[in-house]
Amino acid sequence: MHSFQKLDSKDLEINPFQMIGEEWMLVTAGNKEKANTMTASWGGMGIMWGKKVVFVFIRESRYTKEFIDREQKFSLSFPGESHRREMKFLGAVSGRTEDKISEAGVHLGYMDDIPYIDEGKLIITCRCLSKTEIKEEDYLDGKIGKTFYADGDYHTMYIAEILGIYAR
Ligand SMILES: Cc1cc2nc3c(=O)[nH]c(=O)nc-3n(C[C@H](O)[C@H](O)[C@H](O)COP(=O)(O)O)c2cc1C
């Protein structure tokens with residue numbers, strides 16, 4: 001596999017709707033001893049507090065959330081359509097109960113001391129700037145609560161500064 005090249009954000013030619021919403025990403029966090037990853041298809045990229053940031057939305061029940069909260073850093077890995085099967089698996093079972101990274105046959109790497117999934121064609125390393133739990137009373141559209149949070153498993157929004165963008 002080709003090695004990664006660090007990219008300047010102005011050279012990033014992507015469609016976030018396609019890349020996040022359709023092809024999905026892996027959110028990975030932890031340290032050299034232990035890390036976890038999960039599939040995510042909700043989120044975004046943009047500007048906040050004068051910095052280039054990503055937005056990710058992680059439900060309370062996710063094991064990955066414990067790693068993000070502890071390290072306050074994470075990566076986004078974009079393996080693309082060719083790894084659909086692995087991403088479905090990583091988005092269906094929890095690292096709390098299974099050694100899902102090795103079961104999925106994907107591999108951990110470290111960049112900026114942050115774990116990522118080496119099958120990614122693009123990797124973004126991130127440092128958390130804020131975390132906000134989005135509660136029932138925050139939804140302006142009443143249907144959101146009923147449709148997505150009947151079980152009370154709310155999303156926390158993380159706004160995280162982009163530390164590095166790496167492409168193969
Ligand atoms: C396509 C897809 C997209 C997903 N998007 C998200 C998401 O944006 N946020 C989230 O909290 N969970 C999302 N999930 C669910 C988690 O990936 C799933 O619950 C996973 O098993 C959590 O693993 P963990 O407990 O090891 O962290 C998604 C799952 C799939 C299959």
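Two residues count as in contact if their C-beta atoms, placed from the backbone, lie within 7 Å. By that rule, V54 touches G43, M45, L76, I124, C126, A160 and I162, leaving out residues up to four places away in sequence. This is a predicted model: local features need pLDDT of at least 70, side-chain atom pairs count only at pLDDT 80 or more, and totals for chains, interfaces and linings use all residues. Residues are numbered from 1 along each chain as its sequence is written.

**Overall fold**
- The protein has 5 helices and 10 strands (DSSP runs numbered from the N terminus: H or I of at least four residues, E of at least two).
- The radius of gyration, over C-alpha atoms, is 15 Å, close to the 15 Å that the globule rule gives for 168 residues, so the protein is as compact as a globular protein of that length. The rule is 2.2 Å times the number of residues to the power 0.38.
- Among contacts between residues at least 6 apart in sequence, 72% join residues at least 24 apart.

**Core**
- The largest nonpolar core has 33 residues (buried Ala, Val, Leu, Ile, Met, Phe, Trp, Tyr and Cys joined through C-beta atoms within 7 Å; buried means 20 or more other C-beta atoms within 10 Å of the residue's own).
- M25, L26, V27, V54, F74 and L76 have the most contacts inside that core.

**Ligand shell**
- The ligand is surrounded by 20 residues (C-beta atom, placed from the backbone, within 6 Å).
- Y63, T64, G91, S94 and G95 are the closest.
- Strand 3 (35–40), strand 5 (51–59) and helix 2 (63–71) each give two or more residues.
- Strand 3 gives the largest share, 4 residues.

Key: Buried ≥ 20, exposed ≤ 12 C-beta atoms within 10 Å, placed from the backbone.
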